[in-house]
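Thanks for making time this morning.

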Amino acid sequence: MNWDALKQSDLDGDDIYGMRDFENEMLAALINREKGREYSSNNREKMNAYSRKWQREHPEYGREKARQRYARNPEYSREKARQWYRAHPEVSRMREKTRRAREFNAAGADYLTQEKLDARWDYYGRKCYLCGADATATDHVKPLARGGAQWPCNLRPICKRCNSIKHATWPYDFEKHRELVKQEGKRCAKRSELCVK
Ligand SMILES: [Zn+2]
């Protein structure tokens with residue numbers, strides 16, 4: 001919580017956070033240390049929400065704090081970052097996707113978000129669009145390497161096996177692929193067989 005800015009905003013008389021009444025109430029209580037402590041513990045949730053809202057609207061403040069924290073103890077900050085990325089693997093995956101799409105100069109590279117990708121997966125019931133098995137990856141129907149786009153319409157969930165068969169083959173014989181994966185003996189269909197001549 002940036003109390004200095006908060007007090008300043010009150011002095012200036014601007015309702016910059018759109019929460020004037022709550023700010024005044026908080027300030028009045030926090031002027032007295034004892035009272036302030038009691039007020040804080042009784043209004044924890046409301047104050048946290050206020051704090052989050054404030055920080056969202058002032059990202060430069062959070063960045064500055066993070067810079068200071070990092071300067072004080074870089075190893076601690078790095079470890080915290082590692083923990084955060086471990087707990088949010090989808091963020092790393094999305095960054096990797098965007099990085100790769102940019103590398104290929106794909107249209108829509110910066111348009112894709114986790115929500116939009118999730119919507120594509122949900123549309124296909126989170127199953128491989130070629131064989132119906134549980135999906136493990138996202139396929140670029142027209143491969144990035146062949147000039148395919150990163151628009152959601154070019155993205156579908158795919159299973160490991162179908163992905164390794166299809167890979168970056170283009171143009172692709174989807175019908176033949178579906179037939180081949182149905183026949184157990186043809187598990188490792190050659191990619192060249194599936195390219196439409
Ligand atoms: Zn499949």
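Let me begin with pLDDT, which is the predictor's confidence in each residue, on a scale from 0 to 100. What you see is a predicted model, in which local features need pLDDT of at least 70 and side-chain atom pairs count only at pLDDT 80 or more, whereas totals for chains, interfaces and linings use all residues. Residues are numbered from 1 along each chain as its sequence is written. For the protein chain the mean pLDDT is 86, and 84% of its residues reach 70 or more.

Now the overall layout, where helices (H or I, at least four residues) and strands (E, at least two) are DSSP runs, numbered from the N terminus. The protein chain has 11 helices and 2 strands, and read from the N terminus its elements run α-α-α-α-α-α-α-α-β-β-α-α-α. Among these elements, the lowest mean pLDDT, 56, belongs to helix α1 (residues 3-12), and the highest, 97, to strand β2 (residues 155-158).

For burial, I call a residue buried if 20 or more other C-beta atoms lie within 10 Å of its own, exposed if 12 or fewer, and partly exposed in between, with the C-beta atoms placed from the backbone. By that count, 11% of the 197 residues of the protein chain are buried. Helix α6 (residues 74-87) has 14 residues, and from its first C-alpha to its last it reaches 20 Å, close to the 20 Å expected at 1.5 Å a residue, where the expected span is 1.5 Å times one less than the number of residues. How many of the 14 residues of α6 are buried? The number is 0, so α6 lies largely in the open.

Turning to the backbone, the peptide bond from Trp-170 to Pro-171 is cis, with omega near -5°, and Pro-171 sits in the loop between α9 (160-166) and α10 (174-182). That loop between α9 and α10 also holds His-167, a residue other than glycine whose phi is positive, near 50°. His-167 counts as partly exposed because it has 14 C-beta neighbours inside 10 Å. Asn-105, which is not a glycine either, has a positive phi of about 60°; it is found in the loop between α7 (89-103) and α8 (114-123), and it counts as exposed because it has 9 C-beta neighbours inside 10 Å.

Finally, some pairs that are separated along the chain. Two residues are in contact if their C-beta atoms, placed from the backbone, lie within 7 Å, and of the contacts in the protein chain with a separation of 6 or more, 51% are between residues 24 or more positions apart. Ala-133, in the loop between α8 and β1 (137-140), is in contact with Lys-127, Cys-128 and Cys-159, leaving aside its neighbours within four places in sequence. Glu-179, which lies in helix α10, has its C-alpha separated by 9.3 Å from that of Cys-131, 48 residues apart along the chain. Glu-179 counts as exposed because it has 12 C-beta neighbours inside 10 Å.
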